[in-house]
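Subject: Structure handover

Hello,

Here is the structure I said I would pass on.

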Amino acid sequence: MASIREQFEIPGKLKTWSYALIGVGVLAFILGLVTKGIGGNEHDHNVFIGTLMYNSIFFTLICNASMFFICATTLAMGGWQVVFRRIPEAISTMVPIFGSITFVILLYIIGSHNHHIYHWLSEEAKSDPVLKGKLGFLNPTFYITWSVLTIGLWSVLGARIRKLSSEADDAITMNGEAGQSFIWRNTVSAALFIVWFALTVGSTVPWLWMMSIDAHWYSTMYSWYTFASSFVSGMSLIALWVVYLKNKGYLEYANEEHLHDIGKFMFAFSIFWTYLWFSQYMLIWYANIPEETIYFKHRVQGPYRGLFFLNIILNFVCPILILMKRGAKRNYTLITFMSVLIIFGHWVDFYQMVMGSISKEEVTLGWLDFGIAALFVGLMIFFVAKALAKKPLMPKYHPFLKESIIHHT
Amino acid sequence: MHLKYESQLREPLVSGNKDYHQVSEDICRPIEVKPTKLWYVGFFIAITFLCFGVYCVYREVTYGIGQWNLNKTIGWGWDITNFVWWVGIGHAGTLISAILLLFRQGWRTGVNRAAEAMTIFAVMCAGQFPVFHMGRVWMAFFVLPYPNTRGPLWPNFNSPLLWDVFAISTYLTVSLLFWYSGLLPDFATVRDRAKTKLRKMLYGVAAFGWTGSTKHWQRHESLSLVLAGLSTPLVLSVHTIVSFDFATSVIPGWHTTIFPPYFVAGAVFSGFAMVQTLMLMLRKVFLLEDYITMGHIEAMNKVIVLTGSIVGVAYLTELFMGWYSQNKFEGYTFWYSRANLFSPYGWSYWGMMACNVISPQIFWFRKLRRNIYVTFFMSIIVNIGMWFERFVIIVTSLYRDYLPSSWSPYYSPTIWEMGFYLGTFGLFFTCFFLFAKYFPVIAIAEIKAVLKTSGENFKETVGKEEEMQPETFAHEYAHAH
């Protein structure tokens, strides 16, 4: 009976990589700040802020998707995910960090009255017949209050669930009543998180943070679409960490059976994203009402045309063709490749959602975007690795752990 | 060593001291004994409703659509409301068999057979409404795009109404195949137990000569998986396309992009409510409490509170956008025609909200989820609420359109319009009573498959694994990779 490696030790190479990425990111940030943020014209300034904005929102949401995954599987009484449950837990520790960064950026936009990004901040909005009617929702006070509540509660409720999970590390048996009570308390906490998640990611927050950039435009699907995009990327992020830890010789009990199921989530939610994408696009196209089609005008017929199709290729065509096969979902290399592709694909999706509205005339995708993304990836690697090293990699006495060990698809 | 292990914390899926033989006995019993008085009374009532429905349809076909209270403004009324309502109900069966299979929800085995049967009967009922709403029902075949002698007259492929024809007929076909292929081994069980020649022959034919050989099981398993794969997108596509009937238009209250997923969630919601209604009766009448346990009922109530809340978020999203869009027409529809309790149809909107969003929230409480009376009452409430939803969507959007001169007076259905609806209840329950009498209402073979992991008596014997340290357990049982 071999003992297992429960404690993650951060490899030097991983640290180096995270420092390098953070270095590149900081450099890009400084260069961007100098050339665009301060140095450039107004348009450059907005592009700079917009780049920070969509990156921070994207990375916050995909890390928060990990907590959503934990809560959804907890509520569904899932057992299969327990052996690797600590990975999404570690990823979700990023929510307060990335959430704060996002908040600072959003606060700056509001504080500086940047009405090129949020048109509803301008003086004209008060006399615009449509916008003035929306000011009850689109106003700095509500925006800031709601954002604080959102990020705050995500962080607090998430921390509560992670703390609860630590109880499963102690060598007390989790059978019988102790186990029942543990599952019960997990369920209650997960339910609280899910409800708050539905009221934020599932509805208000994407409207407030992103949809209101096109202040006149609206689509009831917008938030669910954003959720699908961030959840499928979140699953891919979990897959990447699972594969990484497996390759380093950790997570003995996780095997291709678990990977297969994560792969199924990646596949299914790629199709789900496409379903929502199609529903939103087709209904707007079919009805052909100018105030709705205007959102797609420069995305389909203007400079964003290339990205518009790239979005569909990366996020639909590739996943359906490559992940359809059973073997693909059980193959470490292919899952790694697809995870990177899907995260990149949805990053592009967020890019066009935000920048497609801020910079309508030209696509500015370039060194700054990749640099800022590198900053977030670097920070993510650094902090997630740290969080992983803090706790055993497996909740050893979780009542469903044994189901997870013998899990087969 | 391969181990069938399940945590002791999970409730058994089959309670009581059952072995394989006992399972066959319990489930086949209702087929093998004479029907009870209760069955005859129920069947007779169902047939009566069906006959009245047939008479109502006869009147509509003979005298025309004027038999109903539809008018130029409210061109869709009870008929399409009922259509969408039945289609929605017809979602639970395939969701249970296909999607819950993919999610490996063991409890589906207790309810899948009856839920699938219900699905098929519900879709059959749904189909009646658009067909007879055509008015000249003898022209119904025009919707089929076959090579014809009508020259350029060809179905309009741009119309979501035509997509419906394809979506629903495909759904019915695949659901039927899925249901029937699952029935094969169980028909064989009934055949093998038969005491009379006629019975043996009839069930023998129905079982397609099933012998239970390994080869048969192998093919059966792969067929099930293929059909599950095909059904999964169908569960979503049918109600998505039904939602397109509304959402592709520019009618305020209909043209909203969230419609497709929200319709699907609503359909699952109503489907589970109907499954709950039927299952609670079935387990009581046929003494199947050991197979459809409180655990099953609780699981379905969880689905109800989940989908009810998703639908709730969608309702509020729409209502919010009705204001946020600052579009006068959307605002009028949502805030005047619907959310205003004192507008002509305000009652239906609040009825919908109360039944679908507010009342299911009681299922956050475990005690109430596991209370049979509360569950039964709630299942009826949800069925009513989902009918209101479709009525709200259709009538409150149509009755006051862009042109005030064509606004409609208050719409209430004629007795024939209502009779048609009652008739579909007759059809539904006639089919269901026949099903309950002649078919195994629970999937015998599938129950046997979960018995050794999740049966109460088997779970009691697994104590050793529960006490093991994870390392020892893994060493003993985890398969090598």
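Predicted model: local features only at pLDDT ≥ 70, side-chain atom pairs only at ≥ 80, totals over all residues.

Interface between the chains

Contacts between the chains involve 60 residues of chain B and 71 residues of chain A. Together the two chains bury about 5,100 Å², with 67% of that area on carbon and sulfur atoms. On the chain B side, Leu9(B), Thr257(B) and Tyr324(B) contribute 15% of the area buried against chain A, more than any other three residues.

The polar part of this interface comprises three salt bridges and 19 residue pairs in polar contact. Several helices of chain B each supply at least two residues to the side that touches chain A, among them α6 (160-193), α8 (214-247) and α9 (259-285). The largest share, 10 residues, is from α10(B). A salt bridge also joins Arg10(B) to Glu403(A), where the closest N and O atoms are 2.8 Å apart.

Domains of chain B

Chain B splits into domain 1 (1-14 + 455-481) and domain 2 (20-140 + 155-454). Their C-alpha centres are 38 Å apart. Where they meet, 11 residues of domain 1 of chain B are in contact with 17 residues of domain 2 of chain B, and the two domains bury about 1,100 Å² between them, 60% of it on carbon and sulfur atoms. Within domain 1 of chain B, the residues that lose the most area to domain 2 of chain B are Leu13(B), Val14(B) and Phe458(B), which together account for 55% of what that side buries.

One salt bridge is counted between these domains, along with five residue pairs in polar contact. Glu11(B) and Arg370(B) form a salt bridge with an N to O distance of 3.0 Å.

Salt bridges within the chains

The count over all chains is 26 salt bridges. In chain A, Lys396(A) and Glu6(A) form one at 3.5 Å, N to O. Lys396(A) sits in the loop between α14 (367-390) and α15 (401-405) of chain A, and Glu6(A) in the segment before α1 (12-38) of chain A, so this pair ties together parts 390 residues apart in sequence. Lys396(A) counts as buried at 16% relative accessibility, whereas Glu6(A), at 22%, counts as partly exposed.

In chain B, Asp26(B) has a salt bridge with Lys18(B), the closest N and O atoms being 2.9 Å apart, and another with Arg29(B), at 3.4 Å. Asp26(B) and Arg29(B) are three residues apart in helix α1 (residues 20-32) of chain B, so about one helical turn separates them. Lys18(B) and Asp26(B) are both buried, the relative accessible area of Asp26(B) being 5%. Arg29(B) is partly exposed, at 34%.

A buried arginine

Beyond its neighbours within four places in sequence, Arg162(A) is in contact with residues including Met67(A), Thr93(A), Ser155(A) and Lys391(A). Glu89(A) and Lys391(A) are themselves part of a salt-bridge network that also links Arg85(A), Arg86(A) and Asp169(A).

Regards

Terms used. Residues numbered from 1 in each chain as written. Chains lettered and ligands numbered in written order. Heavy atoms only, no water. Contact = heavy atoms within 4.5 Å. Domains from an automatic or database assignment. Buried area = accessible area lost by both parts, 1.4 Å probe. Salt bridge = Lys/Arg side-chain N within 4 Å of Asp/Glu carboxyl O. Polar contact = N/O pair within 3.5 Å; in protein donor to acceptor, adjacent residues only side chain to side chain. Helix = DSSP H or I, 4+ residues; strand = E, 2+ residues; numbered from the N terminus. Buried < 20%, exposed > 50% of the residue type's maximum accessible area, 1.4 Å probe, protein only.
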